[in-house]
Amino acid sequence: MKRIRLFFQNRRQRVLVGVILSASLLLILCIVGAFCADAARVTDFSRKNLEPGIPYLFGTDWLGRDMLMRTLAGLSLSIGLGVLAAAVSACIALILGIISATMGKTADTIITFLIDLMMGIPHILLLILVSVALGRGFRGVACGVALTHWPSLARLIRAEVLQLKEQPYIQIARKLGKSNWYLAKKHILPHILPQFFTGLVLMFPHAILHESSITFLGFGLSAEQPAIGIILSESMKYLVTGKWWLAVCPGVMLAAVVMLFYLTGEQIRKLLDPGSVHE
Amino acid sequence: MQKKQRKKRILVSILLLAFSLCTGCTQGSGTGNSDQEDKTSTAQKESKDSVIVTMPVTSEPEAGFDPAYGWGAGEHVHEPLIQSTLTTTNAELDIEMDLATEYQASEDGLTWTVKIRDDVRFTDGEPLTASDVAFTYNVCREKSTVNDFTMLENAEAVDDTTVVFHMARPFSIWPYTMAVVGIVPEHAYDESYGQHPIGSGRYIMKQWDRGQQVILEANPDYYGTAPTMKKVTILFMEEDAAFTAALTGQVDVAHTAASYSDQTIDGYDLLAVQTVDNRGFNLPSTEPEEIDGVLYGNAFTADPEVRRAINIGIDRKEMIDHVLNGYGTEAYSVCDKLPWYNSACEVTYQPEEAKKLLTEAGWTVGEDGIREKDGIRAAFTLLFSNGDSVRQALAEDTANQLKELGIEVTTEGVGWDTAYTRAQSEPLMWGWGAHTPMELYNLYHSNSGSKTGFAEYSPYANETVDRYMDEALAASDLETSISLWQKAQWDGSTGITQEGDMPWIWLCNIDHLYYVRDGLHIAEQKIHPHGHGWSIVNNVDQWSWTEE
């Protein structure tokens with residue numbers, strides 16, 4: 001009993017449990033969804049347009065597809081795509097951010113210009129361009145999301161590194177004749193890792209929402225794939241005839257997943273960067 | 001505390017974002033039109049000689065109302081309303097006269113002489129003469145990218161009422177072309193004609209708000225029977241918006257799709273119009289080979305027994321009930337119910353016979369229930385165009401049905417940018433159907449525009465079929481031509497039917513559905529071609545309201 005009370009007083013532990021819980025929820029969702037992928041494509045016209053109930057918790061659509069299966073498969077696809085794209089994006093940001101701050105003025109100018117350029121173009125427009133240029137589909141969307149989400153994180157990392165560079169211990173290390181590479185690896189990277197991970201996790205919800213919107217607009221995945229964007233855009237046609245479950249259930253699930261990612265990101269930030277609590 | 005609020009705000013904004021993702025689109029398309037609709041619908045209640053009709057957004061002619069850019073004579077043929085045509089087709093699709101008083105082809109089919117009426121004026125008061133006709137056809141031949149005019153060498157006005165068409169090659173079905181080309185005035189034609197069309201037809205275009213509506217008013221000086229419907233407003237909108245518009249009573253005729261057909265709207269009846277708007281898929285009929293970097297042919301569907309088995313192994317009735325809620329008819333050819341249809345195309349559903357055909361051809365069932373022969377799996381990808389829910393459903397149902405035969409079909413949505421190329425080696429769900437036998441030529445003739453020696457849209461070639469179609473085009477009169485078109489489909493020993501090569505499988509003709517306001521009488525429709533748009537208003541001049 002005492003232990004439990006202690007646990008609730010220990011914020012760090014609470015947060016840790018929270019992270020593990022939401023992360024494993026997402027992982028389970030991802031795995032279950034992957035197993036649903038085949039079931040999500042099964043069409044059966046004898047069970048079309050059913051309202052949510054038993055055995056079809058989320059109802060069925062006009063092809064008689066089980067909406068629960070489609071939603072799970074779609075979310076798992078989105079999560080996979082989000083993780084992939086966010087990881088690539090974050091790595092680009094990390095590398096560019098460090099180069100920009102440590103490799104001298106010219107490199108900095110070029111990369112800052114690149115960042116400004118990318119941030120100047122509306123996200124969704126660039127995404128559509130990249131996706132269409134690469135022939136749509138999974139590859140197009142993944143590359144599109146990966147190539148458009150790095151600038152803000154890159155800027156953050158650059159600023160952080162610039163600040164670090166002026167720290168006395170780094171100045172001293174430099175005076176002792178350590179190379180740029182050594183400084184970056186030993187003294188700078190460990191300090192920006194918390195920022196990096198938080199940025200990475202907070203990028204997921206962005207990536208997922210963008211994947212859904214680009215597919216919704218018809219520039220992403222093709223129609224037979226169970227993707228949340230596809231599900232939502234199909235449901236539009238049937239909302240007017242009162243088939244609310246086609247949009248509501250998958251939409252709520254999408255919002256829930258995005259929130260879960262967001263919470264995880266916040267909690268990771270608290271863990272890795274305890275100082276931020278006092279902000 | 002502050003921290004918590006911030007978090008809440010962010011959560012709320014995420015939720016809003018997700019929600020706006022769901023709702024954004026309907027709002028966009030819905031509000032755009034509502035102002036116009038309100039105005040027009042109040043006008044409607046006052047007068048009983050106007051009508052408001054909705055059409056799909058894609059029916060709006062992008063390049064305007066210019067026949068040279070596909071108005072009336074484009075991918076989807078219909079009567080041009082604003083302009084008049086030389087001939088016209090009746091409900092049985094036989095040729096009748098409009099501007100023409102008589103026409104005649106020479107023995108060799110290389111000249112067509114057409115006499116026209118001398119009492120017709122354009123709506124700007126100028127008389128319509130043979131030189132306007134010649135001008136129109138010459139412009140179409142030079143400019144038209146959507147319809148084929150290469151059979152015409154040039155058109156020449158001999159005197160004020162006589163036009164002579166000099167043909168590059170015999171083209172016996174020329175009267176069907178003359179039925180869709182609207183005559184434009186030579187004196188008032190320029191590049192912007194499509195935006196301000198002047199014609200001699202039943203209606204005058206009063207207003208065109210791009211992306212929204214077109215308003216047509218009856219031509220007071222029309223030379224034929226005066227239109228009873230004085231004002232026709234066409235609104236361009238998606239099916240869901242059209243449904244809402246009917247629900248709120250803003251329109252008189254709203255186009256709709258089978259997926260809405262179980263909904264009833266007070267004050268409206270559902271009208272189903274028979275069509276040749278067919279859906280079917282091609283089966284590449286040659287062995288795979290690569291030509292100029294494009295793959296032609298398909299190892300599985302190259303076997304004619306496979307194609308025959310698929311044709312009789314598909315339960316079209318079930319498909320229509322499932323996918324179209326019963327609003328459709330079984331299709332056995334690209335031209336069902338048209339004068340040039342050969343009833344030998346018809347088959348019955350025989351699943352056992354289909355399995356037998358496959359087994360006899362050496363396709364034996366493997367361990368997973370899918371057939372195989374010499375290491376080739378009985379499988380193909382069936383493509384459909386992204387966003388077309390009916391074609392997607394037909395593709396899915398085809399996949400389900402063919403699985404029973406031991407054929408594995410996977411479906412894939414594609415864009416039209418890649419669909420044409422991929423269809424050379426993989427079946428694609430197509431939609432066809434036009435008021436001209438040229439469609440047979442375009443699908444089955446091996447010289448129809450391709451350099452490969454195959455038919456244009458799916459690799460197939462049969463000399464006998466080609467010869468019948470060439471003869472049909474060279475025939476001196478329509479009757480002979482039509483019987484030759486029928487022979488091209490099946491002549492008793494070869495053709496494109498079940499007993500023949502079966503390079504295309506036809507599934508169904510999709511009824512065109514409309515919610516029609518009670519009291520509005522829509523004149524008898526001729527069988528609608530492909531395209532759920534302008535066909536319905538072909539005879540809008542004869543529509544009427546029941547007096548209350």
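Mentor: Let us begin with pairing: two strands pair if DSSP finds at least two bridges between them. Please keep in mind that this is a predicted model.

Trainee: Which residue of strand 10 of chain B is the bridge partner of B:Thr54?

Mentor: The partner of B:Thr54 in strand 10 of chain B is B:Leu235. Strand 1 (residues 50–55) of chain B pairs with strand 10 of chain B in the parallel sense, over 6 bridges. Strand 9 (residues 213–218) of chain B also pairs with strand 10 of chain B, but in the antiparallel sense and over 5 bridges. There, B:Leu216 has B:Val232 as its bridge partner.

Trainee: Is strand 10 of chain B mostly covered or mostly uncovered?

Mentor: Strand 10 (residues 231–236) of chain B is mostly covered, with 5 of its 6 residues buried.

Trainee: In what order do the strands of the open sheet in chain B stand?

Mentor: Its 4 strands follow the order 16-23-13-22, with antiparallel pairing. Strand 16 (328–330) and strand 22 (429–432) of chain B are at the edges with a single partner strand each, so one side of each has no neighbour in the sheet. On average, neighbouring strands of this sheet are turned by 30 degrees against each other, direction ignored. Strand 16 of chain B pairs with strand 23 (residues 504–510) of chain B over 3 bridges, and B:Glu330 has B:Cys508 as its bridge partner.

Trainee: Which helix lies across strands of this chain, and at what angle to strand 22 of chain B does it run?

Mentor: Helix 8 (residues 389–404) of chain B lies across strand 13 (278–282), strand 22 and strand 23 of chain B, and runs at about 130 degrees to strand 22 of chain B.

Trainee: How do helix 2 and helix 3 of chain A cross?

Mentor: The axes of helix 2 (residues 11–41) and helix 3 (residues 67–102) of chain A come within 7 Å and cross at roughly 125 degrees. That angle makes helix 2 of chain A oblique to helix 3 of chain A, and the crossing is left-handed. Among the residues making the contact are A:Leu29 and A:Gly33 of helix 2 of chain A and A:Leu72 and A:Ser76 of helix 3 of chain A. By class, this contact has 14 nonpolar, 3 polar and 1 charged residues.

Trainee: How many residues of chain A are in contact with chain B?

Mentor: Chain A has 27 residues in contact with 30 residues of chain B. Helix 11 of chain A gives the most to the side of chain A that touches chain B, with 7 residues. By class, that side of chain A has 18 nonpolar, 7 polar and 2 charged residues.

Key: Residues are numbered from 1 along each chain as its sequence is written. Chains are lettered from A and ligands numbered from 1 in the order in which they are written. This is a predicted model: local features need pLDDT of at least 70, side-chain atom pairs count only at pLDDT 80 or more; totals for chains, interfaces and linings use all residues. Two residues are in contact if their C-beta atoms, placed from the backbone, lie within 7 Å. Helices (H or I, at least four residues) and strands (E, at least two) are DSSP runs, numbered from the N terminus. Ala, Val, Leu, Ile, Met, Phe, Trp, Tyr, Cys and Pro count as nonpolar, Asp, Glu, Lys and Arg as charged, and the others, Gly among them, as polar. Axes are lines fitted to C-alpha atoms, for helices over the stretch in contact, and angles run from 0 to 180 degrees between N-to-C directions. Angles under 35 degrees count as roughly parallel, over 145 as roughly antiparallel, 65 to 115 as roughly perpendicular and the rest as oblique. A crossing is left-handed if the near helix is turned anticlockwise from the far one by less than a right angle, and right-handed if clockwise. A residue is buried if 20 or more other C-beta atoms lie within 10 Å of its own, exposed if 12 or fewer, and partly exposed in between; C-beta atoms are placed from the backbone.
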